[in-house]
Amino acid sequence: MVYMKKEYREGLLINNSLLVEDLGNTGLSLLARLFQLLAIMVGSWSCLSILLYSIPVPARVAAVHLTILLTFAVVCILCLIPSFTAVKLFFCILFYILFFISRFKAIENGFYIMENEVISSIEQYYDVNIGFYVADYRTEVADSTLLMVMISIPVVSMISIAAITGKLVKITSVIMLLPVAASFLLGLTPPEHYLLSCIASVLYMTRLGLNGSNVPDCEQRGKLHKIYSWTGAWLSLICLLLFFIMKLFISEESYNGFTSIHNMRTDIQTKLSGITLEDITDGIVNYRLPEFNSTKGGLDGGALGRTGKVEYDGSEQLRIVADIRSVWDGVYLKGFVGSNYTGDRWVGHTDDDTDDFRALMEELPEDYHPIHQMIELAYNGWGENLIRDLALRRMEVEYVGANKRFLYSPYITDFSEMDNINYKQDLYTTPGRRRSSYTYEYYDLIDMMRPEETVRLMTAVYYSTLDDEYFKYERLYRNFVEQAYTRLPEEGLEQLRSHCRRVMKEQQFVSTEEKIAYIRNYLRSNTSYSLTPGKVPPGKDYVEYFLFENKVGYCSHYASAAVLMLRLFGVPARYVEGYTVSPSDIAINSTGELSLLMNENNLNGEIVISIKDYNAHAWVEVYFDGIGWIPVDFTPSSGIGYNAYSRQTLNQPTVTTPPPKEATPTPVTEKTDEDKDDTENKDNEEKEITQKPEATKTPDGASKAAAGGSGPQSRQNDTVKRIAVILLVLSLILCLPVAYNIRRYILLRRASNNYKAIYLFAKLERVLNIMSGRSFKKRIELEDNENYLRQSFDFVDDLALEGFMNTVRKARYGRGRISGSELQQVKSFYNGFIKKICSDMPFSRKILIKLILLIN
Amino acid sequence: MLRNKLRYLLLLAIVGLLAILYDAYYLWIIFVTLLALPFFMFAMLCYIYGHIRVEMLSTVHVAGKDEPIPVTLQIKNPTIFPIPYLRINATYRNLYSSNELAKVIFASVESGSSSKIICNMSSNYAGNIVINLKSYRIYDYLKLFSLKKKLDCTLKAAVLPRYYELEAIDSTYKITVESDNYSPYKSGDDPSEVHEIREYREGDRPQRIHWKLSIKLDRLMIKEFSDPIDCLDIIFISLCFPDGANTLYHIDSILECVLSISYTFLLRRNPHYIAWYDAAGGICRRVRVEHEKDFYDAVDGLLNLKPYHTDNDSLMVYLAQFPQEQYTDFIYITGGAVVSQLEKLAYTKAIDRQMILLSEPELIEQIQSDEDGLRKTAMELGVDFLPVDIGNVKRDLELFLA
């Protein structure tokens with residue numbers, strides 16, 4: 001039953017109210033009342049409990065519960081006495097305010113204590129540094145309790161009023177959900193029973209909010225309240241029942257067994273948690289129309305950019321602080337690892353492989369993980385005195401511009417002692433909670449310049465080790481590796497397959513090393529390195545186009561081709577992305593004492609190295625039986641094995657052939673200590689500037705000024721400009737109606753009384769047209785409007801209407817001017833009518849009317 | 001409802017996102033619950049839909065103008081679930097009008113009980129008011145789904161026009177015509193039938209003395225002659241009025257005029273005919289109004305008429321149906337007068353012929369001012385032409401009939 005507006009159509013009048021006679025029981029039954037009370041108590045308790053859980057203030061929980069009970073009792077008593085509502089409300093608020101003022105200091109201290117808890121949670125979760133408030137922790141319990149009591153009173157009052165009277169329901173629902181939102185924002189999931197209770201109560205409340213508050217009759221409102229009360233009760237009960245039924249069907253064990261859900265969730269989590277405001281603004285700034293086919297340098301989680309050219313702008317990605325000795329020969333920071341090739345990207349394991357890995361992990365002991373395989377072996381080797389130096393080195397990696405989704409860590413990092421680390425099967429690790437810097441402890445085992453030496457050493461360790469368990473577990477893992485990392489896409493790559501089959505027949509490889517050497521030679525001989533290889537035509541495979549047609553590419557091409565070729569040769573291999581730092585990069589990009597770098601006899605201490613976007617790299621990991629994954633770099637003129645070519649060299653205009661493998665690092669001019677302090681930074685800046693890639697020729701001959709306007713500062717300026725333009729346009733759009741109204745106001749002030757009266761009538765007529773659904777274009781006589789007003793609106797006084805209409809007629813048709821008092825009469829009628837109409841309307845219609853009046 | 005569905009999808013997306021971002025088993029259960037909830041709601045809705053009953057009743061079948069006609073909608077909900085949202089679609093119209101108006105009523109019903117919704121309708125104009133309960137729609141608790149049930153429940157109520165006694169009409173000016181029916185109440189001048197015999201009173205005419213009976217009774221006795229009461233008057237209605245005019249207003253005025261005259265005749269104990277042209281059947285119908293019951297029969301017949309905009313044949317049809325009859329007064333009441341009607345009226349065998357035209361004041365003024373128009377033709381044909389303002393029927397009738 002709802003209030004119905006008076007309508008007089010075709011001579012037929014429908015009365016403006018309906019009478020609902022409920023043939024059932026009137027008033028809320030005992031059961032409904034009990035449910036109402038339960039909703040209030042449970043809602044209050046759950047809401048405040050979640051608040052206490054999210055913000056762990058040391059308040060006495062018993063006091064809070066007691067407050068809930070007492071407040072609820074007082075509010076119920078007050079609500080049951082229907083009269084003197086304003087008086088009751090006034091005194092309640094007065095007492096509350098007086099009490100608040102009398103205990104203000106303690107409450108303020110409690111507030112600061114709570115704020116500090118919140119700040120602490122934010123700092124921990126978001127890894128930011130905000131700063132705390134000064135609070136007196138000597139009385140933390142009492143003050144926190146007092147604060148919670150003061151918060152509980154209005155919250156419980158609102159919940160009680162909403163449930164009993166059906167008023168303030170929306171705002172109460174929002175307030176009840178605020179602690180839930182806060183707990184999620186602080187990275188906490190509220191306990192199940194709290195959250196369920198809160199949700200059930202909110203569901204109950206939301207149905208109450210639909211009470212026909214615009215029903216004039218009190219009794220009718222009461223009847224509606226009763227119906228909606230039961231509706232809310234049923235809805236809550238049904239939801240709870242469904243929840244428990246679902247819990248019965250989907251047990252926690254079976255939920256954990258749904259591997260695909262977990263994988264999908266982890267992937268989405270990783271992607272979502274990686275999105276930052278910078279990503280969004282970068283996305284806007286870097287948006288290009290389809291004909292632009294370039295990407296900026298850096299990594300993209302396995303995506304093989306099917307673009308024509310790679311641009312570097314020298315932006316800093318990471319900053320590492322490490323022992324000079326461990327990075328002197330360069331360093332590889334491993335990030336993403338891909339095991340499956342899809343044609344345009346490398347992705348993780350398939351669902352089957354993930355299940356197999358899960359099964360494998362169940363067979364392996366808890367402290368054994370394939371990612372730490374080489375550490376296990378190294379300890380065995382150290383124990384056998386085959387490895388002399390097994391020092392644990394330390395490296396601090398600070399993220400500046402790099403993707404925080406991945407942990408860019410050196411070989412061979414020991415992740416077992418790190419907190420909040422997620423293992424993406426045996427591929428790579430990701431942070432459980434992203435931070436801006438990490439400290440890694442790693443074993444400097446792998447000689448990236450001579451990986452074959454590492455293989456030889458570790459093979460010797462393997463065959464010498466007495467650890468039977470290692471053998472057993474390694475064999476189990478090896479089976480998995482042979483199955484997962486020799487797989488190629490089922491369709492496509494026919495040309496590559498036939499090529500590799502032919503090579504296998506011809507070459508008769510004996511060992512993995514031979515295969516690696518062959519592939520390296522083949523790539524060196526048949527392809528060229530370039531950052532502008534051109535776009536892969538549609539329908540062509542990324543690797544096949546590189547190997548057999550274009551023959552020009554960069555690190556991703558080489559790594560992808562090498563992995564596929566190795567797999568076709570039967571060698572387990574996988575694709576890796578990360579950052580590499582060569583000794584020349586260290587010399588150029590490091591901050592610190594350069595002389596230390598140049599003097600091999602003084603490789604002591606730590607060094608800070610800035611890793612730029614052009615240090616992004618892709619390489620291959622090859623599995624050697626018994627040992628584990630060894631990184632091998634197939635990109636010519638790259639890596640720390642080719643120190644003659646720094647990044648500067650790589651970005652030269654011409655496409656050059658890579659230098660021989662034995663090239664020595666390019667000597668860097670030694671500086672004296674005197675010059676060092678003054679010119680160090682200046683040199684770095686200059687060299688950084690020279691590091692910027694110059695114009696390179698694309699295959700089609702078009703040249704590009706890569707440096708100009710593409711630095712970080714200019715990009716920032718672009719962003720600022722775009723935002724400014726958008727804001728300006730929005731402001732103009734918003735200002736137009738305001739300006740229009742100002743102009744109209746000015747004109748109206750100067751207008752005559754007659755014009756003003758006619759203007760007001762025109763506005764009124766517009767409102768009447770909207771309400772009656774009449775067309776704006778159709779001419780409507782004054783008499784029609786008068787009749788409509790008289791017949792359709794009960795509240796319109798006939799005398800006032802007559803006076804209004806007479807004045808309007810006089811203003812329109814009369815020769816003389818209407819007086820000020822007549823205009824005032826018109827104004828007061830108009831204002832009174834609009835006010836009454838708007839008070840009876842739903843909110844959306846009210847806004848529409850006001851907009852129409854504003855625009856008119 | 002679409003808005004609610006979008007809101008629910010948004011809620012689902014938010015909960016799904018939370019379930020993904022936060023590794024908690026129960027969050028997934030909440031998500032799955034939210035996925036399953038709409039199905040459950042729909043099932044519940046189907047259950048309620050199968051059990052709910054909606055009926056329409058009214059105790060009033062006849063009312064006057066502006067008098068309330070209470071219409072009761074009874075909704076029975078025998079289920080254990082309350083129905084918070086029920087939308088009832090009804091239509092209503094005055095049968096004189098071709099416009100059917102729609103009305104939506106929202107209702108709520110408690111579980112295991114019935115609700116009565118009483119709304120009062122009233123009509124400004126006479127006519128048969130028909131209220132039709134077309135359908136009702138039930139919504140689930142979240143207003144995501146709804147189910148519609150069609151009904152065909154119709155209620156009809158007659159709204160009588162206003163009528164009153166016209167003081168100006170005098171029954172004594174009638175001229176006696178031959179008839180076989182005589183008034184049982186009063187004497188007249190027809191010597192062919194003796195009404196009654198009574199004693200002589202001073203002033204009686206000597207020609208009326210019944211000599212035989214007077215000698216017998218040894219006192220003077222007077223014979224009173226009968227008054228022949230055959231229908232001397234006929235009120236012929238033509239529900240014709242110009243196209244584009246307010247139909248209901250015109251018909252209401254015509255009916256008011258007709259019934260007022262008829263009522264006055266009835267009060268004067270003046271039997272008369274009310275006749276009308278039934279455009280649907282192409283024939284003329286008439287009711288002899290002698291008693292109050294006849295009057296209401298005539299009202300019923302008139303309320304079921306269909307109006308029309310051009311009238312060329314009504315009088316001809318009547319004359320063809322009743323060719324030999326003679327009348328004292330032939331009162332032709334119409335809303336749209338044309339010269340051809342005047343000519344046909346002139347053919348009627350009546351002593352006095354009157355055409356009462358009910359029209360807008362502007363048109364009346366126009367007719368009045370047009371010296372060569374209807375007025376002149378009427379005068380030439382010997383028809384009294386009486387234009388009546390439809391907004392002031394009583395005033396004009398009293399004026400003209402006085």
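Q: How many residues does the contact take from chain A and from chain B?
A: This is a predicted model. In it, chain A puts 41 residues into the contact and chain B puts in 48 residues.

Q: Which elements of chain A give two or more residues to the side that touches chain B?
A: They are strands S2 (12-14) and S3 (19-22), together with helices H7 (192-208), H8 (218-249), H9 (252-257) and H10 (259-274) of chain A.

Q: And which one gives the most?
A: H8(A) does, with 14 residues.

Q: What is the split into nonpolar, polar and charged on that side of chain A?
A: The side of chain A that touches chain B has 25 nonpolar, six polar and ten charged residues.

Q: Turning to strands, in which sense do S2(A) and S6 of chain B pair?
A: S2(A) pairs with strand S6 (residues 113-123) of chain B in the antiparallel sense, over three bridges. Within S6(B), B:Ser123 is the residue opposite A:Leu12.

Q: Is B:Ile30 buried or exposed, and why?
A: B:Ile30 counts as buried because 22 other C-beta atoms lie within 10 Å, where the cut-off is 20 or more.

Q: What is B:Ile30 in contact with, leaving aside neighbours within four places in sequence?
A: B:Ile30 is in contact with A:Phe243 and B:Val15. B:Val15 is 15 residues apart from B:Ile30 along the chain, and their C-alpha atoms are separated by 7.7 Å.

Notes. Residues are numbered from 1 along each chain as its sequence is written. Chains are lettered from A and ligands numbered from 1 in the order in which they are written. This is a predicted model: local features need pLDDT of at least 70, side-chain atom pairs count only at pLDDT 80 or more; totals for chains, interfaces and linings use all residues. A residue is buried if 20 or more other C-beta atoms lie within 10 Å of its own, exposed if 12 or fewer, and partly exposed in between; C-beta atoms are placed from the backbone. Two residues are in contact if their C-beta atoms, placed from the backbone, lie within 7 Å. Helices (H or I, at least four residues) and strands (E, at least two) are DSSP runs, numbered from the N terminus. Ala, Val, Leu, Ile, Met, Phe, Trp, Tyr, Cys and Pro count as nonpolar, Asp, Glu, Lys and Arg as charged, and the others, Gly among them, as polar. Two strands pair if DSSP finds at least two bridges between them.
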